[in-house]
Amino acid sequence: MQKNKYSYVWVSLVILVFGIIFIPRIIERVQGGYVVENDRLNLKGANEKLAFVEMNGEKRKVPPFAFIDQDSLMITNDDYKGKVYLVEFFFTTCPTICPIMNKNLVQIQEEFKGIDNLGVASFTINPDYDTPEVLKKYAEEYGIDNMDWHLLTGNLNDIYTLANTGFSIFAAEVPAAEGGFEHAGLFALVDKNGYIRSRVDSFGNPIVYYRGTITEEEGENDHGEKEQISILKEDIKKLLEE
(Lines give C-alpha, C1' and ligand atoms only; values in the text may rest on other atoms or scores of the structure.)
Protein backbone atom coordinates (compact mmCIF):
# COMPACT_ATOMS: atom_id res chain seq x y z
CA MET A 1 0.00 0.00 0.00
CA GLN A 2 2.82 2.33 0.92
CA LYS A 3 4.56 1.49 -2.37
CA ASN A 4 1.45 2.36 -4.37
CA LYS A 5 1.20 5.65 -2.51
CA TYR A 6 4.76 6.61 -3.50
CA SER A 7 4.07 5.52 -7.10
CA TYR A 8 1.13 7.90 -7.30
CA VAL A 9 3.27 10.71 -5.92
CA TRP A 10 5.96 10.11 -8.55
CA VAL A 11 3.42 9.93 -11.38
CA SER A 12 1.86 13.18 -10.20
CA LEU A 13 5.27 14.83 -10.04
CA VAL A 14 6.13 13.72 -13.60
CA ILE A 15 2.79 15.04 -14.90
CA LEU A 16 3.36 18.36 -13.13
CA VAL A 17 6.86 18.77 -14.60
CA PHE A 18 5.56 17.84 -18.08
CA GLY A 19 2.84 20.46 -17.76
CA ILE A 20 5.24 23.19 -16.66
CA ILE A 21 7.77 22.51 -19.40
CA PHE A 22 5.83 21.28 -22.41
CA ILE A 23 2.27 22.62 -22.29
CA PRO A 24 3.33 26.26 -22.90
CA ARG A 25 5.37 25.07 -25.89
CA ILE A 26 2.42 23.16 -27.31
CA ILE A 27 0.14 26.17 -26.86
CA GLU A 28 2.74 28.37 -28.55
CA ARG A 29 2.88 26.04 -31.57
CA VAL A 30 -0.90 25.87 -31.93
CA GLN A 31 -1.41 29.59 -31.45
CA GLY A 32 -1.65 31.55 -34.68
CA GLY A 33 -3.12 28.80 -36.84
CA TYR A 34 -0.51 27.69 -39.35
CA VAL A 35 2.80 28.18 -37.65
CA VAL A 36 4.30 30.02 -34.68
CA GLU A 37 7.11 32.52 -34.84
CA ASN A 38 9.73 30.14 -33.44
CA ASP A 39 9.05 27.80 -36.35
CA ARG A 40 9.48 30.67 -38.80
CA LEU A 41 13.03 31.10 -37.53
CA ASN A 42 13.92 27.50 -38.41
CA LEU A 43 13.23 27.19 -42.10
CA LYS A 44 13.96 24.45 -44.56
CA GLY A 45 13.65 24.52 -48.28
CA ALA A 46 16.66 26.34 -49.72
CA ASN A 47 17.05 23.47 -52.20
CA GLU A 48 13.52 22.07 -52.05
CA LYS A 49 10.39 22.62 -54.10
CA LEU A 50 7.98 25.07 -52.52
CA ALA A 51 4.94 23.69 -50.76
CA PHE A 52 1.33 24.43 -51.60
CA VAL A 53 -0.59 26.13 -48.83
CA GLU A 54 -3.67 24.07 -48.02
CA MET A 55 -6.94 24.58 -46.18
CA ASN A 56 -9.28 21.70 -45.38
CA GLY A 57 -7.11 19.47 -47.55
CA GLU A 58 -7.38 21.68 -50.63
CA LYS A 59 -4.67 23.81 -52.20
CA ARG A 60 -5.37 27.48 -51.57
CA LYS A 61 -5.83 29.52 -54.70
CA VAL A 62 -6.16 33.29 -54.92
CA PRO A 63 -9.91 34.00 -55.14
CA PRO A 64 -11.25 36.06 -58.07
CA PHE A 65 -10.86 39.82 -57.65
CA ALA A 66 -11.37 42.95 -59.72
CA PHE A 67 -10.09 46.37 -58.66
CA ILE A 68 -8.87 49.66 -60.15
CA ASP A 69 -5.13 50.37 -60.22
CA GLN A 70 -3.05 53.56 -60.07
CA ASP A 71 -3.58 54.09 -63.80
CA SER A 72 -7.37 53.77 -63.45
CA LEU A 73 -7.28 50.39 -65.21
CA MET A 74 -9.47 47.48 -64.14
CA ILE A 75 -7.16 44.69 -62.94
CA THR A 76 -8.36 41.18 -62.14
CA ASN A 77 -6.71 37.97 -60.98
CA ASP A 78 -6.74 36.89 -64.64
CA ASP A 79 -4.19 39.62 -65.41
CA TYR A 80 -1.70 37.70 -63.27
CA LYS A 81 -2.17 34.35 -65.00
CA GLY A 82 1.17 32.93 -66.08
CA LYS A 83 3.01 35.25 -63.69
CA VAL A 84 4.63 34.76 -60.31
CA TYR A 85 3.44 37.56 -58.06
CA LEU A 86 3.49 38.95 -54.54
CA VAL A 87 0.47 40.19 -52.62
CA GLU A 88 0.40 42.77 -49.84
CA PHE A 89 -2.23 44.80 -47.99
CA PHE A 90 -1.21 48.37 -47.14
CA PHE A 91 -2.38 51.99 -47.17
CA THR A 92 -0.60 55.11 -48.37
CA THR A 93 -0.85 57.10 -45.12
CA CYS A 94 0.47 54.22 -43.00
CA PRO A 95 3.06 55.67 -40.56
CA THR A 96 4.51 52.38 -39.37
CA ILE A 97 5.13 49.17 -41.33
CA CYS A 98 3.97 50.00 -44.87
CA PRO A 99 6.98 52.16 -45.80
CA ILE A 100 9.30 49.29 -44.83
CA MET A 101 7.18 46.74 -46.69
CA ASN A 102 7.16 48.75 -49.89
CA LYS A 103 10.87 49.56 -49.71
CA ASN A 104 11.44 45.81 -49.50
CA LEU A 105 9.20 45.26 -52.51
CA VAL A 106 11.02 47.96 -54.48
CA GLN A 107 14.28 46.21 -53.66
CA ILE A 108 12.82 42.99 -55.06
CA GLN A 109 11.60 44.93 -58.11
CA GLU A 110 15.12 46.16 -58.77
CA GLU A 111 16.71 42.75 -58.27
CA PHE A 112 14.34 41.17 -60.81
CA LYS A 113 14.41 44.07 -63.26
CA GLY A 114 13.47 42.98 -66.76
CA ILE A 115 11.66 39.81 -65.69
CA ASP A 116 8.37 39.95 -67.59
CA ASN A 117 6.48 37.30 -65.67
CA LEU A 118 6.89 38.75 -62.16
CA GLY A 119 4.33 41.10 -60.64
CA VAL A 120 2.98 42.61 -57.42
CA ALA A 121 -0.59 43.21 -56.27
CA SER A 122 -0.80 45.87 -53.54
CA PHE A 123 -4.31 46.22 -52.12
CA THR A 124 -5.09 49.35 -50.12
CA ILE A 125 -7.12 48.85 -46.94
CA ASN A 126 -8.12 52.53 -47.00
CA PRO A 127 -9.81 52.77 -50.41
CA ASP A 128 -11.91 55.81 -49.46
CA TYR A 129 -8.72 57.88 -49.31
CA ASP A 130 -6.48 55.89 -51.64
CA THR A 131 -7.91 56.84 -55.01
CA PRO A 132 -6.08 55.99 -58.25
CA GLU A 133 -4.60 59.50 -58.21
CA VAL A 134 -3.26 59.05 -54.67
CA LEU A 135 -1.89 55.61 -55.54
CA LYS A 136 -0.22 56.99 -58.67
CA LYS A 137 1.59 59.64 -56.64
CA TYR A 138 2.60 57.02 -54.06
CA ALA A 139 4.00 54.79 -56.80
CA GLU A 140 6.09 57.66 -58.16
CA GLU A 141 7.42 58.54 -54.71
CA TYR A 142 8.55 54.96 -54.07
CA GLY A 143 10.02 54.36 -57.52
CA ILE A 144 7.46 51.74 -58.49
CA ASP A 145 7.92 51.31 -62.22
CA ASN A 146 7.24 47.62 -62.84
CA MET A 147 4.37 47.51 -65.34
CA ASP A 148 2.95 44.49 -63.49
CA TRP A 149 2.97 46.14 -60.05
CA HIS A 150 -0.61 47.28 -59.54
CA LEU A 151 -1.67 49.36 -56.54
CA LEU A 152 -5.33 48.47 -56.24
CA THR A 153 -8.37 50.22 -54.81
CA GLY A 154 -12.10 49.62 -54.87
CA ASN A 155 -14.99 48.55 -52.69
CA LEU A 156 -13.95 48.49 -49.04
CA ASN A 157 -15.91 45.35 -48.12
CA ASP A 158 -14.52 43.47 -51.11
CA ILE A 159 -10.95 44.35 -50.13
CA TYR A 160 -11.45 43.33 -46.50
CA THR A 161 -13.07 40.07 -47.53
CA LEU A 162 -10.13 39.37 -49.83
CA ALA A 163 -7.65 40.09 -47.02
CA ASN A 164 -9.30 38.40 -44.06
CA THR A 165 -11.09 35.53 -45.80
CA GLY A 166 -9.38 35.08 -49.17
CA PHE A 167 -5.83 35.27 -47.82
CA SER A 168 -6.36 35.09 -44.04
CA ILE A 169 -4.10 38.13 -43.75
CA PHE A 170 -5.48 40.36 -41.00
CA ALA A 171 -6.68 43.85 -41.91
CA ALA A 172 -9.09 46.08 -39.98
CA GLU A 173 -10.04 49.69 -39.42
CA VAL A 174 -9.00 50.52 -35.86
CA PRO A 175 -9.46 54.23 -35.05
CA ALA A 176 -7.22 54.00 -31.97
CA ALA A 177 -4.30 52.52 -33.96
CA GLU A 178 -1.55 54.61 -35.52
CA GLY A 179 -2.87 55.71 -38.89
CA GLY A 180 -6.35 54.38 -38.06
CA PHE A 181 -5.80 50.84 -39.37
CA GLU A 182 -4.14 47.60 -38.32
CA HIS A 183 -2.86 44.92 -40.66
CA ALA A 184 -0.33 42.12 -40.86
CA GLY A 185 2.99 43.00 -42.49
CA LEU A 186 3.12 39.84 -44.58
CA PHE A 187 3.69 39.03 -48.23
CA ALA A 188 1.92 36.19 -50.02
CA LEU A 189 3.80 34.44 -52.82
CA VAL A 190 1.61 33.20 -55.70
CA ASP A 191 2.68 30.87 -58.48
CA LYS A 192 1.88 31.09 -62.21
CA ASN A 193 -1.33 29.12 -61.74
CA GLY A 194 -2.65 31.31 -58.93
CA TYR A 195 -1.78 29.02 -56.00
CA ILE A 196 -0.30 30.37 -52.77
CA ARG A 197 3.11 28.79 -52.19
CA SER A 198 5.85 28.91 -49.56
CA ARG A 199 8.83 27.03 -48.20
CA VAL A 200 8.40 24.93 -45.09
CA ASP A 201 9.51 25.23 -41.48
CA SER A 202 11.64 22.75 -39.55
CA PHE A 203 8.56 20.59 -38.94
CA GLY A 204 7.71 20.34 -42.64
CA ASN A 205 4.77 22.77 -42.48
CA PRO A 206 4.40 25.67 -44.96
CA ILE A 207 5.30 29.00 -43.38
CA VAL A 208 2.40 30.35 -45.51
CA TYR A 209 3.51 34.00 -45.68
CA TYR A 210 6.78 35.93 -45.64
CA ARG A 211 7.63 38.62 -43.12
CA GLY A 212 7.79 41.96 -44.95
CA THR A 213 8.56 44.37 -42.12
CA ILE A 214 12.27 43.68 -41.66
CA THR A 215 14.95 44.56 -44.21
CA GLU A 216 17.85 42.36 -45.21
CA GLU A 217 20.21 44.99 -43.81
CA GLU A 218 18.56 44.83 -40.38
CA GLY A 219 18.77 41.07 -40.23
CA GLU A 220 16.32 40.82 -37.35
CA ASN A 221 14.12 43.08 -35.26
CA ASP A 222 14.07 43.82 -31.54
CA HIS A 223 11.93 40.74 -30.91
CA GLY A 224 14.46 38.39 -32.48
CA GLU A 225 12.36 37.82 -35.61
CA LYS A 226 14.59 37.31 -38.64
CA GLU A 227 14.17 38.99 -42.01
CA GLN A 228 12.63 36.86 -44.74
CA ILE A 229 13.26 39.01 -47.81
CA SER A 230 16.35 37.02 -48.70
CA ILE A 231 14.50 33.69 -48.66
CA LEU A 232 11.58 35.29 -50.50
CA LYS A 233 13.94 36.21 -53.35
CA GLU A 234 15.21 32.63 -53.47
CA ASP A 235 11.67 31.30 -53.59
CA ILE A 236 10.59 33.74 -56.31
CA LYS A 237 13.39 32.34 -58.47
CA LYS A 238 12.15 28.80 -57.87
CA LEU A 239 8.64 29.64 -59.02
CA LEU A 240 9.93 31.53 -62.05
CA GLU A 241 11.77 28.38 -63.09
CA GLU A 242 8.73 26.09 -62.71
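First, the conventions. Residues are numbered from 1 along each chain as its sequence is written, and side-chain values use heavy atoms, with hydrogens and water left out. Because the model is predicted, local features need pLDDT of at least 70 and side-chain atom pairs count only at pLDDT 80 or more, while totals for chains, interfaces and linings use all residues.

The chain has 6 helices and 13 strands. Helices here are DSSP runs of H or I of at least four residues, strands are runs of E of at least two, and both are numbered from the N terminus. Of the 242 residues, 44% count as buried; buried means under 20% relative accessible area, exposed means over 50%, and partly exposed is in between, with a 1.4 Å probe and protein chains only. The accessible surface comes to about 12,900 Å², and carbon and sulfur atoms hold 55% of it. That area is from the Shrake-Rupley method with a 1.4 Å probe. As for contacts, meaning heavy atoms within 4.5 Å, take those with a separation of 6 or more: residues 24 or more positions apart account for 72% of them.

Now to strand 11, residues 186-190. How many of its residues are buried? The count is 5 of 5. Leu186, Ala188 and Val190 point one way, and Phe187 and Leu189 point the other way.

Which strands pair with strand 11? Pairing requires that DSSP finds at least two bridges between two strands. Strand 6, residues 84-90, is antiparallel to strand 11 over 3 bridges, and leucine 86 stands opposite leucine 189 there. Strand 13 is joined to strand 11 by 2 bridges, again antiparallel, with phenylalanine 187 opposite tyrosine 210. Strand 12 is also antiparallel to strand 11, with 2 bridges, and valine 190 faces isoleucine 196 across that pairing. The hairpin of strand 11 and strand 12 has 5 residues between the strands, and in it glycine 194 takes a positive phi near 85°.

Next, helix 3, residues 98-111. At 1.5 Å a residue its 14 residues should span 20 Å, and the end C-alpha atoms are 20 Å apart, so the two agree. The expected span is 1.5 Å times one less than the number of residues. Buried residues in this helix include Cys98, Met101, Leu105 and Ile108. In general, an α-helix has 3.6 residues a turn, so residues three or four places apart point the same way.

At 1% relative accessibility, asparagine 102 counts as buried. What does asparagine 102 touch, not counting residues up to four places away in sequence? The list is Glu88, Phe90, Ser122, Tyr138, Tyr142 and Trp149.

On to the rings. A search of the whole structure finds 11 aromatic pairs. Rings of Phe, Tyr and Trp (its six-membered ring) pair if their centres lie within 6.5 Å; planes under 30 degrees apart count as stacked, over 60 as edge-to-face and the rest as tilted. Phenylalanine 65 and phenylalanine 67 form a stacked pair, 6.2 Å centre to centre with 20° between the planes, and both are buried. Phenylalanine 91 and phenylalanine 181 form a tilted pair, at 5.0 Å and 55°. Phenylalanine 91 lies in the loop between strand 6 and helix 3 and phenylalanine 181 in strand 10, so this pair ties together parts 90 residues apart in sequence.

Last, backbone angles. Most residues other than glycine have a negative phi. Asparagine 56 has a positive phi, near 55°, in the loop between strand 2 and strand 3. Valine 208 also has a positive phi, about 75°, in the loop between strand 12 and strand 13. Are these residues buried or exposed? Asparagine 56 is exposed at 76% relative accessible area, whereas valine 208 is buried at 2%.
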